[in-house]
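Open the structure in your viewer and keep the selection tool ready. This tour tells you what to pick at each stop.

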Amino acid sequence: DGLLLSDAFVFLAPPSGSDPLTLHHVNPGSGPEAGGTMVSLVVTGLESTDATIRFGGTVAPIESVNLDTNEIVVTAPPGVGTVPVQIDSADDSDALAQAFSYVSAPVIASVSPTVGTMDGGEVVSIYGNNLTTTPEVMIGALPAQVLNADDGLIRVRTPPGSPGAADVRVITDVGETVLEN
């Protein structure tokens, strides 16, 4: 009854003084196509804070470098697909192939039915794309109960509401979308 968080910790060998630059780990390994995810890199052999990080060839802004803990924190740039992450220093470089995956933000195409009682409790289907990444659904200002979700469909039970039109908002780990009414 435990929870396994795969690759959540990295053991490093003690430094030998002239270790080659090595990129060991990228965490998290995914984020939205729009970029903006704070990503921690575990790097050994870096001897100064002067480095360049690239996600699939695009430079990632460095937020912090801690040589004592071998950690560099960067902001993932925008991108698509699964890309290598590369570090370049004045003397060396290293990369991890297919180290970061860009995930598409959710898109709502339609909602059915489009009417229900103020008491809530109606089952509503939300159709679209990229809907499965831990969805949260708001109808108006209140959360709807998610019954099930897959990439193209989320079924929810509506919350109570006030008379009139309400927006439907789908929020996932990689973004959100609103179908305004």
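**Stop 1: two cis prolines**

Select proline 28, which sits in the loop between β1 (22–27) and β2 (30–32). Keep in mind that you are looking at a predicted model. The peptide bond from asparagine 27 to proline 28 is cis, and its omega is near 0°.

Next, jump to proline 113. Which loop holds proline 113? Proline 113 is in the loop between β10 and β11 (123–129). Show serine 112 as well. The peptide bond from serine 112 to proline 113 is cis, with omega near -5°.

**Stop 2**

Strands of a sheet pair through backbone hydrogen bonds, either parallel or antiparallel.

Now zoom in on β15, residues 168–172. β15 pairs with β16 in the antiparallel sense over 5 bridges. Pick threonine 172 and look across to β16: glycine 175 stands opposite.

**Stop 3: two positive phi values**

Select asparagine 70 in the loop between β6 (62–66) and β7 (71–75). Its phi is near 60°, a positive value in a residue other than glycine. Is asparagine 70 partly exposed or buried? Asparagine 70 has 22% relative accessibility, so it counts as partly exposed; the cut-off for buried is under 20%.

Then go to glutamine 98. This residue lies in strand β9, residues 93–103. Phi of glutamine 98 is near 50°, again a positive value in a residue other than glycine. Glutamine 98 counts as exposed because its relative accessibility is 65%, and exposed means over 50%.

**Stop 4: the largest pocket**

Rolling a probe the size of a water molecule over the atoms shows where empty space is left. The largest pocket here has a volume of about 560 Å³. Select Thr114, Gly116, Ile139, Gly164 and Ala166: of the 26 lining residues, these are the closest to the pocket's centre. Colour the lining by class to finish.

Conventions: Residues are numbered from 1 along each chain as its sequence is written. This is a predicted model: local features need pLDDT of at least 70, side-chain atom pairs count only at pLDDT 80 or more; totals for chains, interfaces and linings use all residues. Side-chain values use heavy atoms; hydrogens and water are left out. On a 1 Å grid over the protein atoms alone, a cavity is a set of points where a 1.4 Å probe fits but cannot get out, and a pocket is an open set with protein on both sides within 12 Å along at least five of seven lines; lining residues have an atom within 4 Å of a point. Grid points are joined across faces, edges and corners, and a volume is the space filled by probe spheres set on the points. Two strands pair if DSSP finds at least two bridges between them. Helices (H or I, at least four residues) and strands (E, at least two) are DSSP runs, numbered from the N terminus. Buried means under 20% relative accessible area, exposed over 50%, partly exposed in between (1.4 Å probe, protein chains only).
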